[in-house]
Amino acid sequence: MVVLNELGLDIKKAASIGADEQNVQTIENARLYLNVVDEPLLVAGSNIISPDPFIDKGFLVDRDDAEQVALRLISFMDRPHHVASLMHPENWVERRVSSLLTKEAKDSIERLSEKIDVYLRPGAHTLARTLIFHLHGGGFIGQSSKSHGSYIRHWAANIQDSIIISVDYKLAPEYKYPYQLEEVFSSYEWTLENCGALGTLAEKIVFCGDSAGGNLAVALVVKCMERNVRLPDGVVLAYPALNLTMQLSASRVLAMFDPMMPYTLLKLCLSAYIPDDSDAATDHFLSPVFAPEHVLKDFPPLSIFSGAIDPLLDDSVQMIHNVTKAGRSDARLRTYENLPHGFLGMVPILEEAKQASKDISRRIAEYLATEFVDYKA
């Protein structure tokens, strides 16, 4: 409670509502807290009240000299055979039900089905024009594309002529920085190489991420600049963690009393993700808010959405300020007065969060130069 003492805050009250370093003692406890939204019953319930996409499948992709990475494809575009022709069913993360048919018989039926489908519905296999590349949050230590499925599905329904690829990157502390960034980068390269098979022309691309995923999305842009890989046409973030130092700021004081993101949890996540020999104050891949001006001046159009009572709000304010200072006039920040950190997870139950999610998907559609449709289930 040393920090609370230094700030002159009411230590007794802070301890009574949970701002005590004894509350989050282990990664396991933190994951139990973060991964509640990944519980099968909650995921299933969220999916029931969310738009039902034509495709929502996880699959594994090989990487050179590294473990496979799990991606998720979400699409309202009717084109399953593009995906089936690229990835055999045994590579799906979610195994299909067992079958009495042999592998050869199933393959033959798949090919015949595709030919019939193309003949009867030729328009069903028209590729989407655009691509959304999504990175989920969870403090680098928890959650998944599934736990973020409620709002991703709404985006997929609202944003026309597009597909979403979401990356289930490896989690800390088993995998520490920069493993996640390299994994996300190789996933993006693979997506670019295989976009046709995934069902998109990828004429325009937008990077999206929330919280820790927002950090990785910005770092990915900088990595693409460094390695001369295609940049996205826009970057849309929700309450991103862009400064991974424990530097205090006006908004971060809220973490001392915030039930959604307590100071102890924030500290634990950062210590789990950042290796001892790395410095978040000098490494702009760890803390993108410190990226040099020559990088920020070439940054794609950037929009950030955050709650006004989010402990990480100052990260967004500083990032927008730095990008604007570097010469960009298209960086935008929108705040919501009553929304906390992680509000996208509240889309199924909170009207203001649902409206914020629509605002975000409108901005994504704007960057993709495609149509936004207010989906009604």
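The model holds 17 salt bridges. A salt bridge here is a side-chain nitrogen of Lys or Arg within 4 Å of a carboxyl oxygen of Asp or Glu. Side chains of opposite charge can pair when their charged atoms come close. This is a predicted model: local features need pLDDT of at least 70, side-chain atom pairs count only at pLDDT 80 or more, and totals for chains, interfaces and linings use all residues. Residues are numbered from 1 along each chain as its sequence is written, and side-chain values use heavy atoms, with hydrogens and water left out.

| Asp 56 | Arg 72 | 2.9 Å |

Take the pair of Asp 56 and Arg 72. Asp 56 sits in strand β1 (residues 55–63) and Arg 72 in strand β2 (residues 66–75), so the bridge links distant parts of the chain, 16 residues apart. Helices (H or I, at least four residues) and strands (E, at least two) are DSSP runs, numbered from the N terminus. Arg 72 is buried, at 7% relative accessible area. Buried means under 20% relative accessible area, exposed means over 50%, and partly exposed lies in between (1.4 Å probe, protein chains only).

The pair of Asp 374 and Lys 358 also links distant parts of the chain. Lys 358 belongs to helix α14, while Asp 374 is in the segment after α14 (351–368). Lys 358 is buried, with 15% relative accessibility. Asp 374 is partly exposed, at 29%. In the pair of Asp 233 and Arg 230, Asp 233 is partly exposed at 26%, and Arg 230 is partly exposed at 34%.

Salt bridges can also share partners. Glu 182, Lys 223, Glu 226 and Arg 227 are joined into one network in this way.

**The overall build**

The protein has 14 helices and eight strands. Of its 377 residues, 53% are buried. Contact means heavy atoms within 4.5 Å. Among contacts with a separation of 6 or more, 76% are between residues 24 or more positions apart.

**The nonpolar cores**

In soluble globular proteins, nonpolar side chains tend to be buried together. A nonpolar core is a set of buried Ala, Val, Leu, Ile, Met, Phe, Trp, Tyr and Cys residues joined through side-chain atoms within 4.5 Å. The largest one has 71 residues. Phe 133, Ile 165, Phe 207, Leu 244, Tyr 273, Leu 302 and Met 319 have the most contacts inside it. Helix α10 (residues 212–227) supplies the largest share of this core, nine residues. Apart from it lies another core, of 28 residues, including Ala 238, Ala 353, Tyr 367 and Leu 368.

What does Ile 165 touch? Leaving aside neighbours within four places in sequence, its contacts include Phe 59, Leu 71, Arg 72, Leu 131 and Leu 198. Leu 71 lies in strand β2. Leu 71 is buried, with a relative accessible area of 1%. Beyond four places in sequence, the partners of Leu 71 include Lys 57, Val 61, Ile 165, Ser 187 and Trp 190. Leu 71 and Tyr 169 are 98 residues apart in sequence, yet their C-alpha atoms are 8.2 Å apart in space.

**Helices in contact**

Axes are lines fitted to C-alpha atoms, for helices over the stretch in contact, and angles run from 0 to 180 degrees between N-to-C directions. Helix α3 (residues 27–34) and helix α11 (residues 263–273) pack at about 115°, with axes 11 Å apart. They are therefore roughly perpendicular. Angles of 65 to 115 degrees count as roughly perpendicular, under 35 as roughly parallel, over 145 as roughly antiparallel, and the rest as oblique. Ile 27, Ala 30, Tyr 33 and Leu 34 in α3 meet Leu 265, Leu 268 and Ala 272 in α11.

Helix α7 (residues 149–158) is mostly covered, with 10 of its 10 residues buried. Among them are Tyr 151, Arg 153, His 154 and Trp 155. α7 packs against α14 at about 45°, with axes 10 Å apart. That makes α7 oblique to α14. On the α7 side, the contact is made by Tyr 151, Trp 155 and Asn 158. On the α14 side, Ser 357, Lys 358, Ile 360, Ser 361 and Ile 364 take part.
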